Amino acid sequence: RGVLLKNIRKNLYNHFKAQSYGNFSKKGAGYYSNLLNEQTSRSLMAFKSLTQVMAQLTSTVVYLILSLIISVEILISTIVFGLAMIFLFKKINISVKKMSLQTTKKSGELTSHVLQLIKGFVYLKCTNQADKLDEKFKKLINNLVSYQVKTGYAAYFTHSIREPLAVLFIV
């Protein structure tokens with residue numbers, strides 16, 4: 001896992017070096033800092049989720065083969081139930097994807113503003129203008145937390161509803 005994270009960050013760093021100045025300045029340091037630090041870790045978590053999905057898919061195929069051996073009716077009802085579950089969770093997954101993209105965007109903006117604050121801290125403090133940035137930071141942080149909370153709720157909901165629905169199907 002650590003080796004994969006290292007390789008992702010090295011490749012991103014190499015792509016950063018290949019950027020033109022215009023492209024780099026258009027996106028800002030916060031974008032690239034967020035990409036290198038936070039988004040690489042999130043990519044690794046996505047890869048972990050993908051491996052879990054592959055393991056669950058393997059288990060599902062085994063269960064389907066066993067249900068076919070037991071009874072064709074069980075197999076058909078299992079497939080119908082599975083397709084219903086996919087369509088039920090599809091809308092939730094679409095909204096989670098949108099929130100995740102917004103989270104990434106807001107996180108990049110927040111990182112950019114933090115870097116600007118750090119770079120200009122002495123000037124802002126001397127001229128007593130640091131307080132003027134408070135509202136912007138609070139708004140960015142509130143937006144970011146809001147997206148993260150909503151994504152968390154959707155994840156908790158999908159995780160907690162799976163087993164009761166499976167039990168309902170079995171009954």
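Reply: A salt bridge is counted here when a side-chain nitrogen of Lys or Arg lies within 4 Å of a carboxyl oxygen of Asp or Glu. By that criterion the structure holds 1 salt bridge. This is a predicted model, in which local features need pLDDT of at least 70 and side-chain atom pairs count only at pLDDT 80 or more, while totals for chains, interfaces and linings use all residues. Residues are numbered from 1 along each chain as its sequence is written, and side-chain values use heavy atoms, with hydrogens and water left out.

The salt bridge joins Lys106 to Glu109, and their closest N and O atoms are 3.8 Å apart. Both residues belong to helix H4, and because they are 3 residues apart there, about one helical turn separates them. Helices are DSSP runs of H or I with at least four residues, strands are runs of E with at least two, and both are numbered from the N terminus. The two partners differ in exposure, where buried means under 20% relative accessible area, exposed means over 50%, and partly exposed lies in between (1.4 Å probe, protein chains only). Lys106 has a relative accessible area of 15% and is therefore buried, whereas Glu109, at 27%, is partly exposed.

Helix H4 itself covers residues 72–119, which makes 48 residues. Its first and last C-alpha atoms are 67 Å apart, close to the 70 Å expected; the expected span is 1.5 Å times one less than the number of residues. The helix has a kink of about 30° centred on Lys90, the bend being the angle between axes fitted to the seven residues ending at a position and the seven starting there. Among the buried residues of H4 are Leu75, Met99, Gly108, Leu110 and His113.

Met85, Phe89 and Ile92, together with Ala154 and Leu165, form the largest nonpolar core, which has 5 residues. H4 and helix H6 (134–170) each supply at least two residues of this core, and H4 gives the most, with 3. Such a core is a set of buried Ala, Val, Leu, Ile, Met, Phe, Trp, Tyr and Cys residues joined through side-chain atoms within 4.5 Å.

The 42 residues of H3 should span 62 Å at 1.5 Å a residue, and its end C-alpha atoms are 60 Å apart, in agreement. H3 has a kink of about 40° centred on Leu35. Its buried residues include Tyr32, Gln39 and Leu44. Leu44 is 42 residues from Gly2 in sequence, yet their C-alpha atoms are 9.3 Å apart. Gly2, which lies in H1, counts as exposed at 53% relative accessibility.
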